[in-house]
Amino acid sequence: MRKDTRFHRSDRSELEAKLPPGTLSEAQALGIWNMMLRCDDPGDVARTYRSYRDSEHCTVPRQKLRAMRDTMIADMREQNRKDPNPRKEKKTGVNISTWWDAMNPRKGA
């Protein structure tokens, strides 16, 4: 059986109560919020935030995106601290220096 690596979080209504008023007033903001709710790890939430922050098609103001991201990640980490079996956060991103060395091994070493 596969180990459960999903981070626990509060109920949706509790999370939405923590958001600043008017954050989910736009349809696109609500869609992004739903995508963040499906994320299993704080790193996934951050990746969702970055993809919409950098998108030219996203009309949601960055401060609202930041508020959604920060609320979700803070809650996930808080619930993880309370958990008797805390999950380990996935390391996202690529360390360029190690990736480059792996792709181009030094000759004559």
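Visitor: What should I know before we start?

Guide: The model is predicted, so local features need pLDDT of at least 70 and side-chain atom pairs count only at pLDDT 80 or more, while totals for chains, interfaces and linings use all residues. Residues are numbered from 1 along each chain as its sequence is written, and side-chain values use heavy atoms, with hydrogens and water left out.

Visitor: How confident is the predictor in the chain?

Guide: pLDDT is the predictor's confidence in each residue, from 0 to 100. The chain has a mean of 84, and 79% of its residues reach 70 or more.

Visitor: What makes Glu16 and Arg12 a salt bridge?

Guide: The term asks for a side-chain nitrogen of Lys or Arg within 4 Å of a carboxyl oxygen of Asp or Glu. For Glu16 and Arg12 the N to O distance is 2.7 Å, so the pair qualifies. As for the idea behind it, side chains of opposite charge can pair when their charged atoms come close.

Visitor: Where do Glu16 and Arg12 sit in the helix?

Guide: They are four residues apart in helix α1 (residues 12–18), and therefore separated by about one helical turn.

Visitor: Why are Glu16 and Arg12 called partly exposed?

Guide: Buried means under 20% relative accessible area, exposed means over 50%, and partly exposed is in between (1.4 Å probe, protein chains only). Glu16 comes in at 28%, so it is partly exposed. Arg12, at 36%, gets that label too.

Visitor: How do you know that Lys18 and Asp75 form a salt bridge?

Guide: Their closest N and O atoms are 2.9 Å apart, so the pair passes the cut-off. This pair links distant parts of the chain: Lys18 is in helix α1 and Asp75 in helix α4 (residues 62–82), 57 residues apart.

Visitor: Are Lys18 and Asp75 buried or partly exposed?

Guide: Lys18 is partly exposed, because its relative accessibility is 43%. Asp75 has 1%, so it counts as buried.

Visitor: What does Asp75 touch?

Guide: Contact means heavy atoms within 4.5 Å. Leaving out residues up to four places away in sequence, Asp75 touches His8, Arg9, Ser10, Leu15 and Lys18.

Visitor: What about Asp83 and Arg87?

Guide: That's another salt bridge, with the closest N and O atoms 2.5 Å apart. Asp83 and Arg87 are both buried. A search of the whole structure turns up nine salt bridges.

Visitor: What is Asn80 in contact with, and why is it called buried?

Guide: Asn80 lies in helix α4, and its relative accessibility is 12%, which is why it counts as buried. Beyond four places in sequence, Asn80 touches Phe7, Pro86 and Arg87. Asn80 and His8 are 72 residues apart in sequence but 6.5 Å apart in space, C-alpha to C-alpha.

Visitor: What makes you say that Arg69 lies over the face of Tyr49?

Guide: A charge sits over a ring if NZ of Lys or CZ of Arg is within 6 Å of the ring centre and within 35 degrees of the ring normal. Arg69, in helix α4, is 4.3 Å from the ring centre of Tyr49 and lies over its face. Past its neighbours within four places in sequence, Arg69 contacts Met36, Val45 and Tyr49.

Visitor: How much of the whole chain is buried?

Guide: Buried residues make up 32% of the 109 residues. Looking at contacts with a separation of 6 or more, 71% come from residues 24 or more positions apart.

Methods: Helix = DSSP H or I, 4+ residues; strand = E, 2+ residues; numbered from the N terminus.
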